[in-house]
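Here is a short briefing to read alongside the structure. Keep the 3D view open and find each part as you go.

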Amino acid sequence: MDEKKAALMQRLETEAAELMRQIRAEADIEKKKKLIVKRDSIQRKLTATRNNRRISRETKRDLVAYSFIAPNFIGFAVFTLVPIVFAFLLAFMNWDGSNAISFVGFDNFKRMPTDTFFLAALKNTILYVLGTVPLTMIASLALAIVLNQKIRARGFFRTVAFFPYVASLAAITAVWSMIFHPSKGPVNYILYKVFSVPQDQLPKWFSGSLVLVTLVLFSVWKYMGYYMVIYLAGLQGISAELYEAGSLDGANTWQKFCYITWPQLRSTTFFVVVMLTINCFKVYDIAVMLAGGGDGKLSTSATVLVYYIYQNAFNYWDLGYSSAIAMVLFVMVLIVTLIQFRYEKKLEA
Amino acid sequence: MNGINDNATNKKYKSKRKNEIIGKIFLYAILLLITICMILPFLWMLSASIKSNREVFVMDPFVWIPKQPKWDNYVKIWTKIPLLKFVQNTVVLTIVVTLLQLLTSSFAAYSFAKLDFKHKNKLFLAYIATIAMPWQVYMVPQFIMMRSMGLNDKLLAMICLQAFSAFGVFLMKQFYEGIPNDLCEAARIDGMSEYRIYAKIMLPLSKPALSTLTIFTFVNTWNDYLGPLIYLRTETKKTIQLGLKMFIGQYSAEYGLIMAGSVVSLVPVIIVFLCLQKYFVEGVASTGLKG
């Protein structure tokens, strides 16, 4: 045992000495730093061996840190990381979930351009994103600016604006489908009575081309309170001195918004737009509950990508195709996120 | 001379005041409008929940509270569908998920924010990379995996699914990074172990972040629809959202009952939100959620 220890110490000592020589000879400061780090770690190992410690302080430190991470990371790795890898592989396979799995290359992707239901889902999802993201952003920013003023009952107004976000979808979509009911709902009743829209021209809010508009309206209503809170947090980070300086220079409210608020909120807006885009691409339950009727089936005018992913997986058991569509969804989210990141970088530069 | 000047400033001041008052009125008018848009559907829900089926759509005249409120809508919903069972399932699921989420995320986040260790950046990258990945992209393989583990049609599957999110770790880490390192260093010099620093110093300081995470997790788990739809097939295992949807499909004509059920499903989230909301904006601000 002792002999072994002596040999190990001998080896470590020569290594350390050798490194020390290299450090002295090295001219590049970056490389020098790396070598120093290496030497330090050997030195520590040496002290640990000399003091008869089984595990070095470093290892102990790592173990403590890992013990903090482990409970979450194990669950995260098993239930999130593994399925993600699985999803990528599955997109190139043909599998019904029980029989033999086979590799089909890009066949699943080749089916897409001729699949009219897929194309409708893709088109509707993109239109929904294009409608919802800017409208929600503008609405939530406006709301945040208003609710950041010194007004009475501010807390009450903020809570009210946040209500639709916490309310469960099944409950509030049930209300919306009643309020916007084509023949019996109060909205169409008002259009008929007050604005004298002829009965046969009353909008059918949940079918045809109008359904996407309803989905966008509903989403803005439901989510603007949430993004308002994020904007509020951003607004509170802007120093009051900037506005004071603006006032001294005679800037009016609109100018203050353009030259102080908006630029200062840039990173907040970036975050809001990224989150909104990701959340809008995964729209499913809003569409099913507002436009799905009793059986929850969506027609081509209201279908969205996630609905088709679900249908292919759990109704047709075409897992490969379902995963391929999921990849399309992922790539779109990824592209949008990357574009926004680059744009943000460019602004910073 | 002086007097005239005073008069002019006075006038200017007065007109400025007038502008301010007009602005205030305008502001409150907008606020009122927004509030009505936000809250009207909920009032309608409450009102319809005590109406008979015929009364719900009567517009001429429209009454908020019918002459004979049908309170028994709130009794019927418990017998028409196994609503109590659904509520129980959802309560268990939501509480377990929220607790696990708070505990494991804050634990892991402490390590990422305040400790130094090997592969720290690589591990954290694994979390970050999945934040932009919608769950819907990998929900199918996840289901297949859970099924092969025998977790299909079990509440446990839903717990595993929602308890370990990258989002929670990210949110808590951002908050912990705002807490000065000196605090931990001082405690270390005093000989506190990392576990005690976490429990005695960090946790008590992180109330805003924990409240924010609680609201998000509670609301998301309570309101989740697609997850339970995929995993929970047996009726006695379903959650309240599935139950409500089932209710709407089955009794699409009984609007009063649907609204009563909806009101019941909203109560817990609203209570949780109202209890924690005073920390909420602060929490969002300090967790760097604003970007």
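Chain A holds 15 helices and two strands. Its radius of gyration is 30 Å, well over the 20 Å that the globule rule gives for 349 residues, so chain A is more spread out than a compact globule. Keep in mind that this is a predicted model.

**Chain A: overall form**

- The C-alpha trace of chain A spans about 100 × 75 × 35 Å along its principal axes.
- Of the 349 residues in chain A, 35% are buried.
- Take the contacts in chain A between residues at least 6 apart in sequence: 65% of them join residues at least 24 apart.

**Chain A: domains**

**Where chain A meets chain B**

- Chain A puts 78 residues into the contact, and chain B puts in 72 residues.
- Helix 3 (residues 57-90) of chain A gives the largest share of chain A's side, with 21 residues.
- By class, the side of chain A that touches chain B has 56 nonpolar, 16 polar and six charged residues.

**Chain B: domains**

- Chain B is divided into domain 1 (1-49) and domain 2 (73-286).
- Taken over C-alpha atoms, the centres of domain 1 of chain B and domain 2 of chain B are separated by 40 Å.
- Contact between these domains of chain B involves four residues of domain 1 and seven residues of domain 2.
- On the side of domain 1 of chain B that touches domain 2 of chain B, three residues are nonpolar, one is polar and none is charged.

**Chain B: a pair of helices**

- Two packed helices are described by the angle between their axes and the distance between the axes.
- In chain B, look at helix 4 (residues 120-131) and helix 7 (residues 166-177): their axes come within 9 Å and cross at roughly 115 degrees.
- The crossing of helix 4 of chain B with helix 7 of chain B is left-handed.
- Which residues of the two helices meet? Helix 4 of chain B brings Y127(B), T130(B) and I131(B), while helix 7 of chain B brings A166(B), F167(B), V169(B) and F170(B).
- By class, this contact of helix 4 of chain B with helix 7 of chain B has six nonpolar residues, one polar residue and no charged residues.

Methods: Residues are numbered from 1 along each chain as its sequence is written. Chains are lettered from A and ligands numbered from 1 in the order in which they are written. This is a predicted model: local features need pLDDT of at least 70, side-chain atom pairs count only at pLDDT 80 or more; totals for chains, interfaces and linings use all residues. Axes are lines fitted to C-alpha atoms, for helices over the stretch in contact, and angles run from 0 to 180 degrees between N-to-C directions. Helices (H or I, at least four residues) and strands (E, at least two) are DSSP runs, numbered from the N terminus. A crossing is left-handed if the near helix is turned anticlockwise from the far one by less than a right angle, and right-handed if clockwise. Ala, Val, Leu, Ile, Met, Phe, Trp, Tyr, Cys and Pro count as nonpolar, Asp, Glu, Lys and Arg as charged, and the others, Gly among them, as polar. The radius of gyration is taken over C-alpha atoms; the globule rule is 2.2 Å times the number of residues to the power 0.38. A residue is buried if 20 or more other C-beta atoms lie within 10 Å of its own, exposed if 12 or fewer, and partly exposed in between; C-beta atoms are placed from the backbone. Domain bounds come from an automatic or database domain assignment.
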